[in-house]
Amino acid sequence: MATSLLLFLFFLPLVKPDSDPVQDFCVPDTGSSPVELTKLSSYPCKSPTNVTADDFVFSGILSPGNFSAETGFAGISVNPVQFPGLNTLGMSFARADFQPGGVNPPHYHPRATETALVLLGKVYSGFVDSTGRVHARVIEKGEVMVFPKGMVHFQLNVGKSMATIYGSFNGQNPGLIRLPVTVFGSGIRDAVLEKAFGLTEEELEKLKKRFEPKDLIVDD
Ligand SMILES: *[C@@H]1O[C@H](CO)[C@@H](O)[C@H](O)[C@H]1NC(C)=O
Ligand SMILES: *[C@@H]1O[C@H](CO)[C@@H](O)[C@H](O)[C@H]1NC(C)=O
């Protein structure tokens, strides 16, 4: 008895899969009012007879988003708010475009692993694991890199032309924590940042200016 219990515990899966949807899909019936991602479950699903193929097609990443002058990067995040057909399916995605030299600054997604497929160009791409080791290299058109959930990652266009990436997330609300803005644009008291990063008042002022809070609300 005890032995079989031990065996059972031993073979328990170490990671839990996503919970399964309890129906084929649930396109939320939200009317025309703006919707927040975390409130989607409060809407009824559209009746299956009212759902059309259009509910499962998204045409909002045909072209790049708006490029940031500072970084040469444009990102469009797509979750069930922009694309209601994704709702309850445990996925979301993003399009990212880079001018030559453009950078997607270090950031992480607290609630999803990401695979990034290069559609165009050559991108130096990597993440840092929890031991502080960086795993990075140049990936090219057709190659895919995985960024494990919660790991800080970044990308830099090292080619001479534009680069485009399609990122896919195994969660409908991956979250986006951008390190520079989170650290220097969030209003943490100066004394903390000066001491923590060994910065003078002037150095800190410069960083705070660059990462002013407006940058917190950009692409999702
Ligand atoms: C289907 O959509 C129509 C028009 O929006 C609406 O009047 C009707 O109540 C819907 N049917 C169901 C079963 O939800
Ligand atoms: C780009 O900027 C324009 C003007 O501010 C805005 O209307 C549009 O929604 C933005 N596009 C994206 C993909 O964020």
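Let's start with an open sheet of five strands, ordered E1-E2-E9-E4-E7 and paired in the antiparallel sense. Strands here are DSSP runs of E with at least two residues, numbered from the N terminus, and two of them pair if DSSP finds at least two bridges between them. At the edges of this sheet sit strand E1 (73-78) and strand E7 (144-147), each pairing on one side only. From one strand to the next, the twist averages 20°; the axes behind that angle are lines fitted to C-alpha atoms, with angles running from 0 to 180 degrees between N-to-C directions.

Before going on, a word on what you're looking at: this is a predicted model, where local features need pLDDT of at least 70 and side-chain atom pairs count only at pLDDT 80 or more, while totals for chains, interfaces and linings use all residues. Residues are numbered from 1 along each chain as its sequence is written, chains are lettered from A and ligands numbered from 1 in the order in which they are written, and side-chain values use heavy atoms, leaving out hydrogens and water.

Inside that sheet, strand E2 (residues 92-98) and strand E9 (residues 163-169) run antiparallel and share seven bridges. If you want a landmark there, arginine 95 has tyrosine 166 in E9 as its bridge partner.

Now for the other open sheet of five strands, which has the order E6-E5-E8-E3-E10 and antiparallel pairing. Strand E6 (134-140) and strand E10 (177-178) each have a single partner strand, so one side of each lacks a neighbour in the sheet. E10 is joined to E3 by two bridges, and tyrosine 108 stands opposite isoleucine 177 in E10.

Histidine 107 belongs to strand E3 (residues 103-108) and is buried at 4% relative accessibility, buried meaning under 20% relative accessible area with a 1.4 Å probe, protein chains only. Its contacts (heavy atoms within 4.5 Å) include His153 and Ile177.

Histidine 109 lies in the loop between E3 and strand E4 (114-120) and is likewise buried, at 7% relative accessibility. Among the residues that histidine 109 touches are Glu114, His153 and Phe169.

Terms used: Helix = DSSP H or I, 4+ residues; strand = E, 2+ residues; numbered from the N terminus. Buried < 20%, exposed > 50% of the residue type's maximum accessible area, 1.4 Å probe, protein only. Lists of a residue's contacts leave out its neighbours within four places in sequence.
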